[in-house]
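Please keep the sequence and the model in view while reading.

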Amino acid sequence: VFRHDRKNMRLAHQIARLALSLEDFQRAEERLDPFVSKWEESSKGKTTKSAWEVIRYPAIRKDQNQDEIEQANFKLESIKDPEMAGVLLDYGWSKWKLKDTIGRKYIGWAIALDGKNVDARIALAQTYEGKEALECYKKAFETAPSDPRALGGFVQAKIIEEQNLDFLSIIGPSLEEGIKTCRERANVGVYLPH
């Protein structure tokens with residue numbers, strides 16, 4: 001169908017998702033590239049990129065104030081686009097797996113378009129190590145406290161970074177929910193072997 005409907009982003013994304021599941025990252029990137037390129041040139045793309053820089057890296061710019069961060073958040077809220085966020089996430093992940101570090105930016109822009117996308121937050125965390133990974137996993141955990149991947153990543157990164165287990169008692173309820181979710185997923189055969 002896609003051969004006869006090249007402008008259909010949903011079909012292209014579906015093909016890319018299948019390619020990702022087969023670890024054919026090149027094909028996933030190729031399928032999504034025309035849609036991502038078009039988005040990058042659009043006003044939404046340009047707004048997203050500039051607002052994300054303000055929100056993601058507030059410590060870099062010394063002249064930045066709280067009003068600027070609030071304006072950037074407001075802009076992003078007004079152009080929220082979960083569908084495009086999914087495309088950017090998969091495109092960015094493909095690039096990252098192909099050893100192109102710019103993939104991290106696309107994953108970040110996916111978060112900018114859909115802050116509740118825990119998959120994007122986990123993917124971003126997986127592109128970092130150390131304190132940066134911990135910070136990203138923390139945000140993923142805050143977004144979905146009982147998601148096993150967010151929870152597991154956060155716990156692992158926190159233990160590695162802080163060499164301390166004291167925090168585990170605080171997140172006990174999330175651990176219980178995460179275990180329950182893992183068992184439910186295992187019973188229906190998804191996210192195996194995770």
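## Helices α2 and α3

The axes of helix α2 (residues 25-41) and helix α3 (residues 43-56) come within 4 Å of each other and cross at roughly 75 degrees. That makes α2 roughly perpendicular to α3. Angles of 65 to 115 degrees count as roughly perpendicular, those under 35 as roughly parallel, those over 145 as roughly antiparallel, and the rest as oblique. The axes are lines fitted to C-alpha atoms, for helices over the stretch in contact, and the angles run from 0 to 180 degrees between N-to-C directions. Helices (H or I, at least four residues) and strands (E, at least two) are DSSP runs, numbered from the N terminus.

On the α2 side, Trp-39, Glu-40 and Glu-41 take part in the contact, and on the α3 side Ser-43, Lys-44, Gly-45, Lys-46, Thr-48 and Lys-49 do. Contact means heavy atoms within 4.5 Å. One residue of this contact is nonpolar, three are polar and five are charged. Here Ala, Val, Leu, Ile, Met, Phe, Trp, Tyr, Cys and Pro count as nonpolar, Asp, Glu, Lys and Arg as charged, and the others, Gly among them, as polar.

## Basis of the model

This is a predicted model, in which local features need pLDDT of at least 70 and side-chain atom pairs count only at pLDDT 80 or more, while totals for chains, interfaces and linings use all residues. Residues are numbered from 1 along each chain as its sequence is written, and side-chain values use heavy atoms, with hydrogens and water left out.

## Helices α7 and α8

Helix α7 (residues 118-126) packs against helix α8 (residues 130-143) at an angle of about 165 degrees, and their axes are 8 Å apart. The two are therefore roughly antiparallel to each other.

Which residues of α7 and α8 meet? From α7 they are Val-118, Arg-121, Ile-122, Leu-124, Ala-125 and Gln-126, and from α8 they are Ala-133, Cys-136, Tyr-137, Lys-139, Ala-140 and Thr-143. The residues of this contact divide into eight nonpolar, two polar and two charged.

## Two cysteines

Cys-136, one of the α8 residues in that contact, is buried, with a relative accessible area of 5%. Cys-182 counts as partly exposed at 32%. Buried means under 20% relative accessible area, exposed over 50%, and partly exposed in between (1.4 Å probe, protein chains only).

A disulfide is a covalent bond between the sulfur atoms of two cysteines. The rule used here asks for a pair of cysteine sulfur atoms within 2.5 Å. By this rule the count is zero disulfides.

## Residues in helix α10

Ser-174 is found in helix α10 (residues 172-188). Is Ser-174 buried or exposed? At 16% relative accessibility, Ser-174 counts as buried. Neighbours within four places in sequence aside, Ser-174 is in contact with Phe-141, Pro-145, Ser-146 and Leu-151.

Ile-179 also has its place in helix α10, and at 38% relative accessibility counts as partly exposed. Ile-179 and Leu-151 are 28 residues apart in sequence, and their C-alpha atoms are 9.9 Å apart in space.

## Positive phi in two loops

Most residues other than glycine have a negative phi. Glu-23, in the loop between α1 (9-21) and α2, has a positive phi, near 60 degrees. Glu-23 is exposed, at 60% relative accessibility.

Gln-163 lies in the loop between α9 (148-162) and α10. The phi of Gln-163 is positive, near 50 degrees, and this residue is exposed, with a relative accessible area of 67%.
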